Each structure stands twice: as structure tokens, then as C-alpha cells.
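Please read each point with the structure in view.

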Amino acid sequence: MSHQDTVTSRFLRYVQVETTSNERSETCPSTPGQWTLARMLVDEMKAMGIADARVDENCYVYGTIPAKGNHPAKVGLIAHMDTVDAVPGPTHPQIVENYDGNPITLKNGVVIDGFDFLRSLKGQDLIVTDGESVLGSDDKAGIAEIMTLAARLMAPDAPEHCTICIGFTPDEEIGRGADLFDVPGFGADYAYTVDGGALGELEYENFNGASCQVTVRGVNIHPGSAKNQMKNASLIAMEWNSMLPAWETPSHTEGYEGFYHLCGMQGNEELATLAYIIRDHSAEIYEQRKETARRITNYLNAKYGEGTVELSLRDSYRNMREMIEPNKHILHKAEEAFRACGVEPLIQPIRGGTDGARLSYMGLPCPNLSTGGYNCHGRRELISVQALETMVDVLMRIAQDA
């Protein structure tokens, strides 16, 4: 590792460590690649001189940069190490220099085009994939930005700044990132997750979220003699899905509107499974959505026999707004930092969740900052070099002005 590492060189290095998380795994972390990245980050922090850099037995990475000067605040910066399993596989990043505004054709023929934000990126240097995987800016961009800040703050000529508490979590993408986070040991008064999208995003409202697993057990009979005997598990699973509100899916909703999202299915005549996420900003409507899932399950069990359909609901996180509003000063500090770096902050609800939502309810107020990335969770994911660099400057202002 070079002490002259840029945020871009760090990002390119981190995304090539495969850290896809696995919801089916019961271990923490859910995949071994997260250990590889965690140990890499600890080694890099120790090389900077961060004396207490460490990874615990559950793959949570921590480190503290002591204050310089009279700055009593202790501010946390948090990002997650795992990437989503939507398009698993190793990442091979590419750089499109001085983007000309035209469609970008990746090496495997996937085309990045038709997105309104592309116009604003003309002239910038874009980091993309080869089209065979996600890029991993969610959230290795956040990690690279925090680590680059850390290197600057540990340099002999660093400006005065507050104490910075660094935390990198495993398994955020499968809703477990804050499960075993050591809030007291972390030591921050408040924190920011650096896990957002377009440059300037500042978020303190998120979905209430749950995972929903539907298991259908059928009875298979030879189709030639199946009348009044076969219970086709796959058909019953399709019936379960058909009873959800047809227009309450991610592709039909925006803003504060919630949804049911079918993210996986498999099955045959004897066994079928459906995997959903359920989301809503309103706590009341969120509970109604979960009750809808229960009612559908009960109806089909009454129709086909008790035990035909099993439902598992697991809360992932809650809307952090009620925890942040009493601490609005931390939002104002972030707004001021963005503006000082020439970026107009955009306060908007998250149509998803972050570790910060859970951490806010664990006693650590923790709104979310942008990373500068776009199109996360897909092959067309991208981020600009300039956005990475600007976010390091924003984090520096937060460290100096806290």
C-alpha cells in the first residue's frame, strides 16, 4: 500500500475483493470474502498509524483517529463491506475517461444509456464494470472515501479535527449489518453512514423493512391420475403472489410509497418458495402490509389444508426519522459540509435502508450521506472519480467543523 493512495486507487482495489453476502448462510459474516476485505482494511489502518484498528470475531472493523486541537466531538463514519447478490461474481472495474455523454457499451455488450443523470456526468471520469457483475460502489465507495479521509487525518500536516470513529460492517445487504455492532465500544456521540447514492444526498428517513419467506408444501401425483389428489406447490405459490396488490411493486412506486418485492422464487409440484422484501415509510401501513401476508397465508391454508403454506416474517429495520429529529444539528452539520464543497444537499427519503436505521435505535443517531454512485445493485452501476474525491472533501469538513 502506498501512502499516496488516492480514493480512486483504494476503490479499485476494494471492489476486486469479492464480498457478496448470502442470506441463506447462518454465519457472521455470511461469506468468507468479507473476512479478506476486513483484514485488508485493518492492515491499511495500522499502516496509517491508527493504533486501535481491529476486526472482531464477527468481522466488524473498528478504528479511532484521535482529535487534533480543541475539538471535543466524537463523530462516527460507517460503511458496509458486503455487496448485493443480485449479480454475484468477481468485479472487473473499467474507467471511462472524460465521458462524452453518449451510451456506454460494456465489454459484454450491456449498454448504459437512457438515465437522466448521465447528462450531469459529462466530462467526468466514470468507473463502470465489464458488465458481468455489480460494481460494488454500494458500499465500497463509502469505504474508500472514509479510508482516504483517515489517511489525510493521520498525516503529520493534517488540519485540526475532531475524534473520528471508523466502523465497517458485514452483511448490510441482507439486513444484518448492525446486529452485532458494538455501539458502546465504538465511542461516537453520533455517526453518519456513507452509503447513499448521487452526490449531495442526505437522508434521515428510510423504509420500515421486513423479509418475507413463503414456503408451500404440495402433494405430487402422476398427472394421469391426479384429479382431486394433486396439490401443486408451484401453482399455490403463484396463487399466493397473485393475491398481493398488483400495483404495489417497486416498478410502480416512488417517494414515500411502499411495496412488496418478489426477489426470488423456485419450486416444483412438492415444494415451492417465494422470497420477498416488504417496505413502507409509514409504520402503520408497514404493519398492514405484514398483516396482508398473514391473511393470504391463512386463506390458502383454509383452502388447501393447514400446513400447506408457511410464512416467515423478519423485521430488518425501522424508519430512523423519530431518532434523528431530536438531533437535527447533525443534519445541519452535514448540509454545511456539502455546501462548503460546492454541493447543494438533497434531503430525501431513502427507498431502502442502511445500518444507520438500526444503529439510530441502538442509541447512535446516524443519518446517511451520499457516496456519489448510481444504479447500485445492477450491471449498470457506476460512480465518477470526481464524486469520490468530492465526498472525501465533504467528510473532511465534517471532521473539521464538528
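1. The structure holds nine aromatic pairs. Please keep in mind throughout that this is a predicted model. One of the pairs is formed by Y62 and F186, whose ring centres lie 6.3 Å apart. The angle between the two planes is 55°, and the pair is described as tilted.

2. Where do Y62 and F186 lie? Y62 belongs to strand 2 (residues 61-65), while F186 belongs to helix 4 (residues 183-186). The pair therefore ties together parts of the chain that are 124 residues apart in sequence.

3. Are Y62 and F186 buried or exposed? Y62 has a relative accessible area of 4%, and F186 likewise has a value of 4%. Y62 is buried because its value is under 20%, and F186 is buried because its value is under 20% as well.

4. A second example is the pair of Y190 and Y192, with ring centres 5.9 Å apart. The planes of Y190 and Y192 stand at 90°, so this pair is edge-to-face; planes over 60 degrees apart count as such. Both Y190 and Y192 are buried.

5. Aromatic residues may also be grouped. Y60, Y62, F181 and F186 form one aromatic cluster, and the tilted pair of Y62 and F186 is thus part of that cluster.

6. The next points turn to empty space. Rolling a probe the size of a water molecule over the atoms shows where such space is left. How many cavities of 30 Å³ or more does the structure hold? There are two.

7. The largest cavity contains about 50 Å³ of space. Its lining includes V15, V17, E18, T19 and T20, together with T83, G89 and T91. The lining of the largest cavity also includes V134, L135, G136 and K140. By class, the residues of this lining divide into four nonpolar, six polar and two charged.

8. The second largest cavity contains about 30 Å³ of space. Its lining consists of I78, A79, H80, D139, E172, T193, D195, T354 and D355. Which element gives the largest share of this lining? Strand 3 (residues 74-80) does, with three residues.

9. The lining of the second largest cavity may also be described by class. It has two nonpolar, three polar and four charged residues. For the largest cavity, the corresponding division is four nonpolar, six polar and two charged.

Conventions
Residues numbered from 1 in each chain as written. Predicted model: local features only at pLDDT ≥ 70, side-chain atom pairs only at ≥ 80, totals over all residues. Heavy atoms only, no water. Phe/Tyr/Trp six-rings, centres within 6.5 Å; stacked < 30°, edge-to-face > 60°. Helix = DSSP H or I, 4+ residues; strand = E, 2+ residues; numbered from the N terminus. Buried < 20%, exposed > 50% of the residue type's maximum accessible area, 1.4 Å probe, protein only. 1 Å grid on protein atoms, 1.4 Å probe; cavity = no way out; pocket = protein on both sides within 12 Å on 5 of 7 lines; lining within 4 Å. Points joined across faces, edges and corners; volume = space filled by probe spheres on them. Nonpolar A, V, L, I, M, F, W, Y, C, P; charged D, E, K, R; others polar.
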